[in-house]
Amino acid sequence: CTDVVIRALRKGASLDLQKLVHEDMKNNFSKYPKIWRLKKTDRNIDHRRVPNLSRYFERKGYSLGVSKNKEDYLAGDIVTCSVVKRPHIMIVSNNRAKDGTQLVIHNIGSGTKEENTLFAFPITGHFRIIVAPNSPVK
């Protein structure tokens, strides 16, 4: 599921999360989750772990409050949730379900899909990354 977000931000916002997360973790390792009992960073996998992405987004000030109000979610927002106690991440789509709820784009095991599952799982994080045109992002 992280690959969907990584590729979307790379293409849509010119953000290389592999590089950005690795650099931030390297400089601030103690501020990242210790779920995997690692002693140092691993640039090949760190950016592909939902808890690490969540922490990176929080550290960069992209975090918004979690809400059950569909109007609080905009196209392009990133949402983390818990699927059977496992972390998951998805992107809010610009398309809506018949009831007005934003669809999400994610990969939950059977390829990338756009689905009406924004509120199907307990939401654990809500992030909005705003990148001004022609500005470097750090």
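**Cores and salt bridges**

Start with Asp77: relative accessible area 1%, so buried (under 20%; exposed is over 50%, partly exposed in between; 1.4 Å probe, protein chains only). This is a predicted model: local features need pLDDT of at least 70, side-chain atom pairs count only at pLDDT 80 or more, and totals for chains, interfaces and linings use all residues. Numbering runs from 1 along each chain as its sequence is written, and side-chain values use heavy atoms, leaving out hydrogens and water.

Asp77 has a partner. Arg128 makes a salt bridge with Asp77, closest N and O atoms 2.7 Å apart (a side-chain nitrogen of Lys or Arg within 4 Å of a carboxyl oxygen of Asp or Glu). That pair links distant parts of the chain, 51 residues apart: Arg128 in the segment after strand S6 (123-127), Asp77 in the loop between strand S1 (63-64) and strand S2 (78-83). Helices (H or I, at least four residues) and strands (E, at least two) are DSSP runs, numbered from the N terminus. Arg128 is partly exposed, at 25%.

The whole structure has six salt bridges. Another one joins Asp24 and Arg59, again with 2.7 Å between the closest N and O atoms. Asp24 sits in helix H2, Arg59 in helix H3, 35 residues apart. Asp24 is buried at 8%; Arg59 is partly exposed at 32%.

Now the core. The largest nonpolar core has 20 residues, and Leu9, Leu17, Phe57 and Ile78 have the most contacts inside it (buried Ala, Val, Leu, Ile, Met, Phe, Trp, Tyr and Cys, joined through side-chain atoms within 4.5 Å). Another core, of nine residues, lies apart from it, including Val79 and Leu118.
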